Structure formats: C-alpha cells, structure tokens
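Open the structure in your viewer and keep the sequence beside it. This tour moves from one selection to the next.

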Amino acid sequence: MKRKHSLQHWRLGVQILAFLLFVYLLISGKNKLWMLIMMAFLLITPFWGRLYCGWLCPLNTLLRPVNWLVSKKARRLAKDIPPVGKSPWLRAVIFILFLLVFLMTLRGIIKINLIVLLAPFAILTTLFFTESAWHRYLCPFGVLFSLPAGVSRWRFHINPDRCLACGRCRRVCPVGAIATNEAPGKSYRILPRYCLFCFACLEVCPRSSIELTAARPGSSREKMTRNL
C-alpha cells in the first residue's frame, strides 16, 4: 500500500512541476517549447499510453482542485454527459477544429495559447458533469492521445483470478476506462485508449489485482505480467 501511495505522491509532484514549467514558458513567450514536449510524449504514446494526459497535462493539473471541490460540495449534482456528447461524430468534429486552431496558433493567427483557451471550457464541464466528460469525450488533447494509446505496448490489466469484482476501481477511475467483461467468469478490463496511468485503481484495489502488462504484437496482452 505504501508503494501505491508513493506513486500517487510522485504523480502529484510531477504534475505540479510540469504545471509550473508550463506557466514559466507561457509567461516568457516560449509556448512552442511546451508544444514540442507534448509532441515528444505523443510519439511515445504507442509504448506507454497517455502518460502526458495523466502526468503532465496542465489542464489535468488545473482540474484536480476543481474535482476535489466538486467531490466535497456537489458531486451528487454532477450529471453524466448527454448521449450526443459521447458521439464519435462529435469527437471527430472537435478533433478537426482542434487541428485547425492548433495550426492557426503555430502560424501566429491566434495569439492566445491553446491550453489557456481551453481552460474555461474544461472547468465549466467539470463543474456540471462527471469527471470523465472532459477527459474522455470533450478534451481535444485527449482525443489526440487516445488514438495511439489504443495500441500502447504497456497497459494495465485486471487479473481475473484475484479480482473480487467489488467495483472500487471503476468508481475512482476519472475517465471511466474500466469496462465490464462480456466473457463469463471475468470481472473488468481496462481500456488502454482512455487510461491516464493515474494509478487510482491500484490505490483502492484490496487484492492487488491490477497489473502492468506488455502487449505482444497482434495480441491483447502478454502472459508474463509484472504486478505493481
């Protein structure tokens, strides 16, 4: 348990440092350096999933205190995103608009940093809807990183031999990345396309059934796994 908590502490520390670095680059007019960092992490996403989203994204870090406040004061009032918000067509439109605005930002047509521009929308979404609404469906950066993350080499796997199917991991997952297995005799599975590597599921699992697995080319996971 101590190791799991230490991972959460490390993640929080990295998020704070990354956020401070982003603010420094923003103030000093070096926004493109942050975009280069983001693109570098996009290149390793097919190997390590959405590490950028879970560990470095300034929007994710900004939303942490918002989520904490909502969970303490009004989590029961948070609603699931409407079906239209989960539509693949909407995500496609968001992604296309994101690419256009991103190119306009690089060319200097739009002067406001794209992350700063998205921040009010992210906060409003998180205030009125569940946490997964932004991270999974509406965040254009999330849509971008989810594409290569679906084939990531390393991903989390729930060992069905140890899982109690208690549902604790599903309740704490910020993006709803844990789905119910259709096959009988199994409990849940973690969808690498949406997983943020936040380690929240590991922290609450009473049987340490969450494993980090290396997927073989052409297969869903490797038999040999390393338990965290």
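Start with Q8. This residue is buried, with a relative accessible area of 12%; the cut-off for buried is under 20%. Keep in mind that the model is a predicted one.

Now show the helix around this residue. Q8 sits in α1, which covers residues 2–27.

Step along to F199. This residue lies in a loop, with β3 (188–190) on one side and α10 (200–204) on the other. Phi of F199 is near 70°, a positive value in a residue that is not glycine. Is F199 buried or exposed? F199 counts as buried, because its relative accessibility is 10% and buried means under 20%.

Next, select S208. Find it in the loop that links α10 to β4 (210–214). Here too phi is positive, at about 50°, although S208 is not a glycine. S208 counts as partly exposed, at 28% relative accessibility.

V116 belongs to helix α6. Its relative accessible area is 36%, so V116 is partly exposed.

Stay on α6 and color its buried residues. They are L114, I115, L118, A119, A122, T125 and T126.

Look at the start of α6. There, a side-chain oxygen of N113 comes to within 2.8 Å of the backbone nitrogen of I115.

Then move along to P120. Where is the kink in α6 centred? It is centred on P120, and the bend is about 30°.

Finish with a distance. Pick the end C-alpha atoms of α6; they are 22 Å apart. The helix has 15 residues, so at 1.5 Å a residue it should span 21 Å, and the two values agree.

Definitions and conventions. Residues numbered from 1 in each chain as written. Predicted model: local features only at pLDDT ≥ 70, side-chain atom pairs only at ≥ 80, totals over all residues. Heavy atoms only, no water. Helix = DSSP H or I, 4+ residues; strand = E, 2+ residues; numbered from the N terminus. Buried < 20%, exposed > 50% of the residue type's maximum accessible area, 1.4 Å probe, protein only. Expected span 1.5 Å × (residues − 1). Bend = angle between axes of the 7 residues up to and from the residue. Polar contact = N/O pair within 3.5 Å; in protein donor to acceptor, adjacent residues only side chain to side chain.
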